[in-house]
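I opened my notebook to jot down a few things I wanted to look up. Have the structure beside you and follow along.

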Amino acid sequence: MPLQQALLTAASLLWWVAGAGAMPDPAQRDLLMRQEASRQTGGRVALSKAEQKLDSYLHQLKEQEMAGALFPPALHFFKAKPLIQRSRIFQLLQKMPKGAALHIHSSSLVSAEWLVKNATYRPNCYICFTWDSSVRFLFSDRQPFPRWDCFYWQLLQNLRSKLPDPASFDDSLLQHLTLVTEDPDGQYPSQDVVWDKFEKAFIAAAGLVTHAPVLRDYLYRGLEELHLDNILYLELRSGLSRTYELDGTIHDKVWTLRLFQEVTRKFVQDHPDFLGARIIISVHRALSVPEVKTAVMEAIQLQKTFPDVVAGFDMVGREDAGRTLWYFREALSLPAELGDKLPYFFHAGETDTEGTDVDQNILDALIFNTSRIGHGYALAHHPLARELSRKRNVAVELCPISNQVLKLVLDLRNHPAAVLMSEGHPMVISSDDPSMFGNTGLSYDFYQAFVGIGGLKANLGTLKELAANSIRFSSLPERLKEAGRVMWQRKWESFVSDNT
């Protein structure tokens, strides 16, 4: 029976029951249940016999985890992480080909442990401790000059040689580069507090990751960590910060994009089962309109120069504390006015403040024809925006761990994306700032979305659709999307075969 006809039949049944008070027909009830299930993410994915067998196994595992005394999605991620690592569902998700990571920021691409154990042990790395209990790093061939936040720079090599316990010192550096703590509720009592620490961690990492030799290795290592988690493509948000050399020489954005292009090509050459990577140029929403105009014009030119590398443009930073998309309308209208094409991938709706100007970023992102919506946490409260984004196939980039750590939601079973998943809204899973959360790849976020947000209704079809969506909604040209689909399908079939 066609879906539209079935819905009419169901509607007629409900009207008749309400009017007549008769006993409902079990067959009609079953029809309604199947219709509702078909609407959810993955609800219309046809599973092979092998996939059905794996799906049944996953369902049993999920029932067991939900019946446990501690349910990981109901806990803060920093407390849940050890439980997740022991989960058989998580161990399966690590093996699962997850497609693409479409929402990761460049300064948090690589694990903080790598930065501490690798980057800070390199020669000529200086450190200073700031008045606001943060740190700064700088590579220099001479003693760095004092500046407003760093009056005294110390060579890390010399500092470590004087310490009785360098390992404990390294652990303290990790605390400056991540949000990870044993007491997240006590240490971060509000969104303001956690965002303050979040931004300080980005600033601390900047001196390491923008040093040219470190950046080259950092980018390669980032692709390696994604590849190890069975990811085959990346779209990286980056402000293309000023990359510097040991003697203080500063490279421009063209140089940095060429470096990114070279590293990506080298990684694909070394790993033929990796499709590649592109950059979404990002600027902070604290900038002025003239500054964003300049950034948009620059992004247009950079995309023309690097059409295979630059995917588009975004505005980043905390929405609740920054300027709205509508505030920047003159700047964001420039590509259309000039007859140029600059795809947008806007952060929008990363807020729990309903009815504010910030809350309207969701609709404004669609007005400016965004290709995807970053986070979209507030989308469930905007029925028209949901309808528009569904009709236009504008996918939400769901980053559940980020939303929880940054205090938008406590128990992930209550995440508004549960509504979007029940409606089959276009969606992909990503990790936002994995290193900040003590996270790598996408497996942890897939676990939280599949077990916590999706609940028992989410099945193997849900996972399959979410993974396939990441290629479908990427910025890749159709030719490369098809290559990615073929590559992912081959990996998916091997995954199912190996686990049934």
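Entry 1: I started with K407, which I found in the loop between α18 (400-405) and α19 (417-422). I am working with a predicted model here. The phi of K407 is near 65°, a positive value in a residue other than glycine.

Then I went to N393. Which loop holds N393? I traced N393 to the loop between α17 (383-391) and β12 (395-398). N393 is not a glycine, yet its phi is positive, at about 60°.

**Entry 2: around V268.** My next stop was V268, in helix α12 (residues 253-270). With a relative accessible area of 25%, V268 is partly exposed. What does V268 touch, if I leave out residues up to four places away in sequence? I wrote down F274, L275 and G276. I also looked up E291, which is 23 residues from V268 in sequence. From C-alpha to C-alpha, V268 and E291 are 35 Å apart in space.

Entry 3: I turned to helix α3 (residues 49-66) and helix α21 (residues 460-472). Their axes are 9 Å apart, and the helices pack at an angle of about 110°. The two are therefore roughly perpendicular to each other, since angles of 65 to 115 degrees count that way. Which residues meet there? On the α3 side I listed E51, L54, D55 and L58, and on the α21 side L460, L463 and K464. Sorted by class, this contact has four nonpolar and three charged residues, and no polar ones.

Entry 4: How many aromatic pairs does the structure hold? I noted 15 aromatic pairs. I also followed the ring pairs that link F77, F78, F90 and Y444 into a cluster.

Last, I looked for charges over rings. K62 lies over the face of F450, and I noted 3.5 Å to the ring centre. The charged end of R160 sits over the ring of Y121, 3.7 Å from the centre of that ring.

Terms used: Residues are numbered from 1 along each chain as its sequence is written. This is a predicted model: local features need pLDDT of at least 70, side-chain atom pairs count only at pLDDT 80 or more; totals for chains, interfaces and linings use all residues. Side-chain values use heavy atoms; hydrogens and water are left out. Helices (H or I, at least four residues) and strands (E, at least two) are DSSP runs, numbered from the N terminus. Buried means under 20% relative accessible area, exposed over 50%, partly exposed in between (1.4 Å probe, protein chains only). Contact means heavy atoms within 4.5 Å. Axes are lines fitted to C-alpha atoms, for helices over the stretch in contact, and angles run from 0 to 180 degrees between N-to-C directions. Angles under 35 degrees count as roughly parallel, over 145 as roughly antiparallel, 65 to 115 as roughly perpendicular and the rest as oblique. Ala, Val, Leu, Ile, Met, Phe, Trp, Tyr, Cys and Pro count as nonpolar, Asp, Glu, Lys and Arg as charged, and the others, Gly among them, as polar. Rings of Phe, Tyr and Trp (its six-membered ring) pair if their centres lie within 6.5 Å; planes under 30 degrees apart count as stacked, over 60 as edge-to-face and the rest as tilted. A charge sits over a ring if NZ of Lys or CZ of Arg is within 6 Å of the ring centre and within 35 degrees of the ring normal.
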